[in-house]
Amino acid sequence: MHPAASVGSLRRGELPAAQPLLARAFRDSPLNRAVIGRSARRRLRANLHGMRAHLPQAERYGLLLSARAEGRLVGVLSSTPPGAYPLPPPSMAVRLRCLLGQGLRVAHRWARVYELLRDHHPVERHWYLGTLGVEPELWGRGVGTELLSVWLRMVDADAAPAYLETDAAGNIRFYQRAGFEVVEEIRVLGVTIWTMRRPAVGGG
C-alpha cells in the first residue's frame with residue numbers, strides 16, 4: 001500500500017474529487033470501451049457525467065469509503081448494504097443532465113448493461129460492491145487492497161455474503177485472494193463480465 005494512505009468514510013465535501021477520480025480509474029476498462037467508444041477523452045467525459053449522477057445516490061443510500069494519501073483522495077469504494085440494491089434513481093433533472101452529457105447512444109447502452117446485470121443479481125441478503133477505483137498512477141501500490149480489506153471487515157461484522165461484478169480478467173485473482181469466487185460469466189456488447197460471490201463469515 002502507499003505508505004501515507006489511510007482508509008475511512010468519504011468525507012463531507014469530497015464528492016467533487018471522487019467523481020473525476022473514478023472517471024479516470026475506469027476510463028480504459030473493457031466495458032467503457034465497448035459502451036462509449038475509442039476516444040479516451042470521450043470516455044472520461046461520459047464517465048464523469050455518470051459519476052455525477054451516481055455518487056450522490058450512493059452517498060445517501062449506500063456506503064462510500066475513501067483512501068487518502070498526502071492530503072489527497074487516491075481511491076474510492078462504493079457499496080450497497082443489504083436490501084438497498086438497486087439504488088433509487090436520481091432526480092429527473094440529474095438524469096437529463098447525464099443523458100445530455102453522455103449522449104443518447106451511450107446512455108442507451110449503459111441502460112442495456114445495467115438491466116442485464118440486474119437480472120443476474122442475487123436475491124439473497126448481501127452486500128454489493130458496486131465500484132472500487134484507484135488513481136491509475138497508484139495501481140499496484142496496495143490502495144485497492146486496503147480499501148477492499150476495510151470494507152470486508154464491515155461486511156463480516158454484518159455476517160453477510162458479498163457480491164460484485166468485474167469486466168477485467170486481471171481483477172479475478174485480486175478478488176479471489178479476498179475470498180471471492182466466480183459465479184458466472186455474462187456477455188454483453190462483446191465484453192465478458194464475471195460475477196463473484198464471497199460467503200458470509202462462517203461459510204453462509
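Reader: Why is Asp28 called partly exposed?
Author: Its relative accessible area is 33%. Buried means under 20%, exposed over 50%, and partly exposed in between (1.4 Å probe, protein chains only), so Asp28 falls in the middle class. The model is predicted, so local features need pLDDT of at least 70 and side-chain atom pairs pLDDT 80 or more, whereas totals for chains, interfaces and linings use all residues. Residues are numbered from 1 along each chain as its sequence is written, and side-chain values use heavy atoms, with hydrogens and water left out.

Reader: What makes Arg33 and Asp28 a salt bridge?
Author: The closest N and O atoms are 3.9 Å apart. The rule asks for a side-chain nitrogen of Lys or Arg within 4 Å of a carboxyl oxygen of Asp or Glu, so the pair qualifies. Arg33, at 45% relative accessibility, is also partly exposed.

Reader: How many salt bridges does this rule give?
Author: The count comes to nine. One of them joins Arg197 to Glu124, with the closest N and O atoms 2.7 Å apart. Arg197 lies in strand E7 (a DSSP run of E, at least two residues). Glu124 lies in the loop between helix H5 and strand E4, so the pair ties together parts that are 73 residues apart in sequence.

Reader: How do you know that H3 is a helix, and what span is expected of it?
Author: A helix is a DSSP run of H or I with at least four residues, numbered from the N terminus; H3 has 22.

How values were computed
The expected span of a helix is 1.5 Å times one less than its number of residues.
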